[in-house]
Amino acid sequence: MVVNLCDYAIVMLGPPGSGKGTQVSYLVDLGFHVVSVGDILRSNGDTVIPGLNATVMDAMSSGMLLPDDFICDVVRSDMLNKLSSGDKHIFIFDGFPRTVVQAEYLNAVLKELSIPIKYAFNFDVSDDIVFRRITGRFSCASCGRIYNKFLCNTKIENVCDSCGASEFIFRSDDNEESLKTRLSQYYEKSKPLVSFYQEMGLLFNINASLSSDDVRREIFSKIGIS
Ligand code: AMP
């Protein structure tokens, strides 16, 4: 596969369960730095991120968005770490920005670093599909492969198809009640970003109800990956 390694950024927009994370996992091997706020918050614990205490974890479990200034600080420090750890400056933002304030912040930081946003992919999918994807979602604790108990379960019960491990992770916010909050936060605070990036001439709508392979083909062809 060939990807043009000039410096730029991609923003992934869409509701929870629209498949952004799955597509990002396909792009990681091509040299993109991934900034995934949810993953940073879940993996680091409060020893690494000051302020990531029980209150923050509770807010995440309930599906509420966290305060903009806190999230912007987390993103900035993650970006600077990644910039200092490699010579490739192609960023994918997964789960950031989620508010117009965050989008304006990202524009300012990227301008400072002379990294333009090239694409804002908007993952378009119905709430019904999101509910089925999220409430059935679990992942392998060892290799991270994502499954769904309704749509694509492990071939052998409780055994990961990829690595054979038998421990799985269920996210505490992947339940019906929290999902309702996450979706209402999405419509109220994140959906306006579709017009924000459309006005910047960067928006590309993706039919995210298609299979992950079809979505991958669409994104790869847009980015120019052969
Ligand atoms: P995610 O893994 O992207 O679904 O994010 C999980 C949770 O982390 C969200 O429901 C929020 O509580 C928090 N979070 C992640 N990204 C953001 C963001 N950009 N702004 C505010 N809160 C966020």
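Rings of Phe, Tyr and Trp (its six-membered ring) count as a pair if their centres lie within 6.5 Å; planes under 30 degrees apart make the pair stacked, over 60 edge-to-face, and the rest tilted. The model is predicted: local features need pLDDT of at least 70, side-chain atom pairs count only at pLDDT 80 or more, and totals for chains, interfaces and linings use all residues. Residues are numbered from 1 along each chain as its sequence is written, and side-chain values use heavy atoms, with hydrogens and water left out.

**View A. Aromatic pairs around F121.** The structure holds 13 aromatic pairs. One of them is the stacked pair of Y119 and F121, with 5.4 Å from centre to centre and 10 degrees between the planes. Y119 has a relative accessible area of 8% and is buried; F121 is also buried, at 0%. The terms are set by relative accessible area: buried is under 20%, exposed is over 50%, and partly exposed is in between (1.4 Å probe, protein chains only). F121 also pairs with F204; the ring centres are 6.1 Å apart and the planes stand at 50 degrees, so this pair is tilted. It links distant parts of the chain, with F121 in strand β4 (residues 117–124) and F204 in strand β8 (residues 203–207), 83 residues apart. Helices (H or I, at least four residues) and strands (E, at least two) are DSSP runs, numbered from the N terminus. F204 is partly exposed, at 24% relative accessibility. Ring pairs join Y8, F32, Y119, F121 and F204 into a cluster.

**View B. Charges over ring faces.** A charge sits over a ring if NZ of Lys or CZ of Arg is within 6 Å of the ring centre and within 35 degrees of the ring normal. K118 lies over the face of Y8, 4.5 Å from the ring centre. R216 takes such a place over the face of F220, at 5.9 Å from the ring centre.

View C. The whole structure contains 10 salt bridges, each defined as a side-chain nitrogen of Lys or Arg within 4 Å of a carboxyl oxygen of Asp or Glu. Among them is the bridge between D39 and R42, whose closest N and O atoms are 3.0 Å apart. These two residues are three residues apart in helix α2 (residues 37–48), so about one helical turn separates D39 from R42. D39 is partly exposed, with a relative accessible area of 43%, and R42 is partly exposed at 35%. Another bridge joins E112 and R76, with 3.2 Å between the closest N and O atoms. This pair links distant parts of the chain: E112 belongs to helix α5 (residues 100–112) and R76 to helix α4 (residues 68–84), 36 residues apart. E112 is exposed, at 55% relative accessibility, whereas R76 is partly exposed, at 28%.

View D. R171 and D173 meet through their side chains in a salt bridge of 2.9 Å, N to O. R171 is partly exposed, at 25% relative accessibility, while D173 is buried, with a relative accessible area of 8%. Salt bridges link R137, R171, D173, D174 and R182 in a network.

View E. The ligand is surrounded by 15 residues, the closest being R42, M64, G95, R98 and Q102; a residue is near if one of its heavy atoms lies within 4 Å. Helix α2 gives the most to this shell, with three residues. A polar backbone atom of M64 is 2.6 Å from an oxygen atom of the ligand. In the side chain of R98, an N or O atom is 2.7 Å from a nitrogen atom of the ligand. R171 has a polar side-chain atom 3.0 Å from an oxygen atom of the ligand. The protein covers 95% of the 480 Å² of accessible area that the ligand has on its own; accessible areas come from the Shrake-Rupley method with a 1.4 Å probe.

**View F. Backbone features in loops.** F96 and P97 are joined by a cis peptide bond, with omega about 0 degrees. P97 is found in the loop between β3 (91–94) and α5. S114, in the loop between α5 and β4, has a positive phi near 55 degrees although S114 is a residue other than glycine. S114 is exposed, at 60% relative accessibility. N158 is likewise a residue other than glycine with a positive phi, near 65 degrees. N158 lies in the loop between β6 (146–148) and β7 (168–169) and is partly exposed, with a relative accessible area of 48%.

Note on methods: Polar contact = N/O pair within 3.5 Å; in protein donor to acceptor, adjacent residues only side chain to side chain.
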